[in-house]
Every structure is written in C-alpha cells, then in structure tokens.
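Reader: I am new to this structure and would like a close look at one part of it, the nonpolar side chains. Please show where they lie and how they are set within the chain as a whole.

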Amino acid sequence: TPFGRKLFPKGTLVLGQAQRYMGGGFTVEDSYAGELFGTHILSVALSKEEVARIYRAGLCFDVTQSVYSEDVEVSWGDIMGADWYGNVAAEPMECDAWDNLRAFVGQEITDEFIDYLKLHSTPK
C-alpha cells in the first residue's frame with residue numbers, strides 16, 4: 001500500500017494477476033506465470049539492504065521466525081490456507097537446517113551469520 005495506508009480485513013488480495021479495475025478486468029495476458037514461495041506482506045517498508053539480507057538467507061528463510069515477525073500482516077501460511085481461483089497448483093517443498101546454511105557458502109562468518117544460526121537453531 002502507499003505509505004501511511006493500512007490493510008483492512010474482508011478485502012481481496014490478488015496475487016499473480018493484474019486487474020484493469022477494482023475487483024475485475026482480468027485478462028490472460030496479464031497473468032503471472034512463475035513460482036511464488038514464502039511470500040509475506042509486512043506492515044513496514046524494508047530497505048534494499050534488508051531485502052538483500054533476506055534474499056541471501058535463501059529460499060528457506062522464515063520471515064515469521066525473524067526480527068520481522070511482528071511486522072507480518074499476511075503470512076505465507078495465510079496465503080496457503082486461503083481460497084484460490086484460476087490455474088493455481090501447490091507443490092510441496094521442504095527445508096531443513098542444512099538448506100538454510102547453503103545461503104552462506106563462501107561467505108565470511110559475521111555476527112549476522114551467528115545471529116541467524118542462533119535464531120534458526122533447534123534447542124536440544
């Protein structure tokens with residue numbers, strides 16, 4: 001939403017399709033053909049550095065278990081649990097702790113890396 005506007009419940013969230021007017025005007029030419037995974041809508045704007053950090057953390061990074069957890073307005077779980085319309089398919093994907101480490105191959109061990117490991121480690 002533009003800065004300062006709020007999301008209100010009972011609306012419709014459209015992903016993967018441009019609309020010509022509010023609530024309609026959908027055409028095949030405006031359809032998204034690709035994959036989405038772990039998409040979240042936050043209540044705050046992220047800096048390009050924050051976006052880059054999440055990107056580098058990899059596909060298995062869980063925003064809901066991060067410093068941004070309080071800012072999640074619509075989670076991937078919300079999206080997966082919603083009604084879908086159109087030609088949509090869900091493909092299962094699993095991540096484990098080792099998948100999370102792949103994002104750091106070749107990287108220097110930094111405080112950020114250690115904080116990431118602490119956040120995603122499972123207590124014994």
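Author: Among the contacts in the protein chain with a separation of 6 or more, 55% are made by residues 24 or more positions apart, where contact means heavy atoms within 4.5 Å. This is a predicted model, in which local features need pLDDT of at least 70 and side-chain atom pairs count only at pLDDT 80 or more, while totals for chains, interfaces and linings use all residues. Residues are numbered from 1 along each chain as its sequence is written, and side-chain values use heavy atoms, with hydrogens and water left out.

The protein chain has 4 helices and 2 strands, arranged along the sequence as β-α-β-α-α-α (DSSP runs numbered from the N terminus, H or I of at least four residues for helices and E of at least two for strands). Of its 124 residues, 18% count as buried, that is, under 20% relative accessible area, with exposed being over 50% and partly exposed in between (1.4 Å probe, protein chains only).

In soluble globular proteins, nonpolar side chains tend to be buried together. Here the largest nonpolar core is a set of 7 residues, namely Leu42, Ile54, Ala57, Phe61, Val63, Tyr68 and Tyr116 (buried Ala, Val, Leu, Ile, Met, Phe, Trp, Tyr and Cys joined through side-chain atoms within 4.5 Å).

The aromatic rings give 1 pair (ring centres of Phe, Tyr and Trp, the last by its six-membered ring, within 6.5 Å; planes under 30 degrees apart are stacked, over 60 edge-to-face, the rest tilted). Phenylalanine 37 and tryptophan 76 form this tilted pair, 6.0 Å centre to centre and with 55° between the planes. The pair links distant parts of the chain, since phenylalanine 37 lies in the segment before β1 and tryptophan 76 in helix α2 (residues 76-81), 39 residues apart. Tryptophan 76 counts as buried because its relative accessible area is 19%, whereas phenylalanine 37, at 34%, is partly exposed.

Leucine 36 also belongs to the segment before β1 (41-42), and it counts as partly exposed because its relative accessibility is 42%. Together with Leu13, Leu15 and Tyr32, Leu36 forms a nonpolar patch on the surface, with about 380 Å² of accessible area in total.

Terms used
Patches are made of residues with over 30% relative accessible area and no salt bridge: like charges are joined within 9 Å, nonpolar side chains (Val, Leu, Ile, Met, Phe, Trp, Tyr) within 5 Å. Accessible areas come from the Shrake-Rupley method with a 1.4 Å probe; for residues, only the protein chains shown count as cover. A salt bridge is a side-chain nitrogen of Lys or Arg within 4 Å of a carboxyl oxygen of Asp or Glu.
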